Amino acid sequence: MTNLHQAYDVALLDLDGVVYIGGTPIPGAPEALTEAKNDGLHLAYVTNNASRTPAAVADLLKGMRVPAETEDVVTSPQAAARLLADKLPAGGKVLVIGSAALRLAVRERGLVPVSTAAEEPLAVVQGFYPAGIDYSRLAQGGLAVRAGALFVGTNADSTIPARGGIAPGNGSLLRVIAQASGVEPVIAGKPETPLHRESVIRTGAERPLVVGDRLDTDIEAACRAGCDSLMVLTGVSRPADLVTAPEGQRPTFIGENLRALLAPYPEVSGTSVGGWTATSDLALKGEGTPVDGLRALCAAAWASPAPVSRQRAESALEALHAAGLPR
């Protein structure tokens, strides 16, 4: 098969867990992306994180030696702002709970950011901004939503990867207003379709490849949009998550990291990949690279008419972990 970076016109890349973790580049990621771009692949960085402007994200990436310009970055605030502009009259007031990046995105769509329920906003939009979200802001948002304002969340990630492990994300923070008002937010970010639509509009993609580290956001978004996807093992979702993934969260391709963009993807024939064959009971036969063994196990598990248990998946993966597959 042709290398993945030659088979698609645009790579829609998640950031946290794919390109970097906690502001530190993942080893090999800058080099892989530079090589892919130099060989003609359009790179777009698509993030659910609402705390930075596209320009700030581009500057962060360039500081990591990742090839990026402001126009290469697509954010959930941009998708949320377009969603709001499609539903509200021009000049409509929007109570913004989040960063300056979110306020800027709302303003760029011809809407007016406000800060209190007393200003009678037509909508409330909330995005991840741990340094600036406090009780008073959430209270104002709750009051506005209870008064009838449209409630929009930039994204619903319950957690985010952090240096110390897994931390609460915007989805967890959205529950405050949702619980207090009884109103569920409309979500703009992955896995919902507005952010994917925003990415395609901004890049002009005709054959996009979604690249992510989370099954429940990146890969599910690709499945909903009918796009091919590459799952990398450098972030949140782990090999056992892949083996047990439900149908709507199964990637087209699996790679250890972004170097997978540059290598020919092995042929998958039934439940055989590379030198490995997986049986219906998830026993592996053969030899080869550990990631090919994971690909074979996924093919067998996904072909099974019954769901595969976590315990069974973890047991089947032990030999591959011993051979170097990330846990």
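Modeller: We will go through a strand, then the aromatic rings, then the cavities and the pocket. Keep in mind that this is a predicted model.

Biologist: Start with strand S13. How many of its residues are buried?

Modeller: Check burial residue by residue, then check which way each one points. S13 spans residues 208–212, and five of its five residues are buried. Pro208, Val210 and Gly212 point one way. Leu209 and Val211 point the other way. Both sets are buried, so the strand is mostly covered, since buried means under 20% relative accessible area.

Biologist: Which strands pair with S13?

Modeller: Look for bridges and their sense. Strand S1, residues 10–13, pairs with S13 in the parallel sense over four bridges. Within that pairing, Leu13 has Val211 as its bridge partner. Strand S14, residues 228–232, also runs parallel to S13, joined by four bridges. There, Gly212 stands opposite Met231.

Biologist: How does the chain get from S13 to S14, and what is the hand of the crossover?

Modeller: Follow the path between the two strands. The chain leaves S13, passes through helix H9 (residues 215–225) and reaches S14. This β-α-β crossover is right-handed.

Biologist: Now the rings. How many aromatic pairs does the structure hold?

Modeller: Two. For each, read the centre distance and the angle between planes. Tyr8 and Phe253 have ring centres 6.4 Å apart and planes at 75°. Planes over 60 degrees apart count as edge-to-face, so this pair is edge-to-face.

Biologist: Where in the chain do Tyr8 and Phe253 sit?

Modeller: Tyr8 is in the loop between helix H1 and S1, and Phe253 is in strand S15, residues 253–255. Tyr8 counts as buried at 11% relative accessibility. Phe253 is buried too, with a relative accessible area of 6%.

Biologist: What is the geometry of the pair of Phe253 and Tyr265?

Modeller: The centres of these rings are 4.8 Å apart and the planes are at 65°, so this pair is edge-to-face. Tyr265 lies in the loop between S15 and strand S16, twelve residues from Phe253. Tyr265 is buried, at 8% relative accessible area.

Biologist: Which residues are closest to the centre of the second largest cavity?

Modeller: That cavity has about 90 Å³ of space. Of its 13 lining residues, Leu12, Val46, Lys190, His196 and Val210 are closest to the centre. S1, helix H8, S13 and H9 each give two or more residues to the lining. By class, eight are nonpolar, two polar and three charged.

Biologist: And the largest pocket: what lines it?

Modeller: Treat an open space the same way. The volume is about 170 Å³. Eleven residues line the pocket, with Asp16, Gly22, Gly23, Asn49 and Arg52 nearest its centre. Five are nonpolar, four polar and two charged.

Key. Residues numbered from 1 in each chain as written. Predicted model: local features only at pLDDT ≥ 70, side-chain atom pairs only at ≥ 80, totals over all residues. Heavy atoms only, no water. 1 Å grid on protein atoms, 1.4 Å probe; cavity = no way out; pocket = protein on both sides within 12 Å on 5 of 7 lines; lining within 4 Å. Points joined across faces, edges and corners; volume = space filled by probe spheres on them. Nonpolar A, V, L, I, M, F, W, Y, C, P; charged D, E, K, R; others polar. Buried < 20%, exposed > 50% of the residue type's maximum accessible area, 1.4 Å probe, protein only. Pairing = 2+ DSSP bridges. Right-handed = clockwise from strand over helix to strand, strands pointing away. Phe/Tyr/Trp six-rings, centres within 6.5 Å; stacked < 30°, edge-to-face > 60°.
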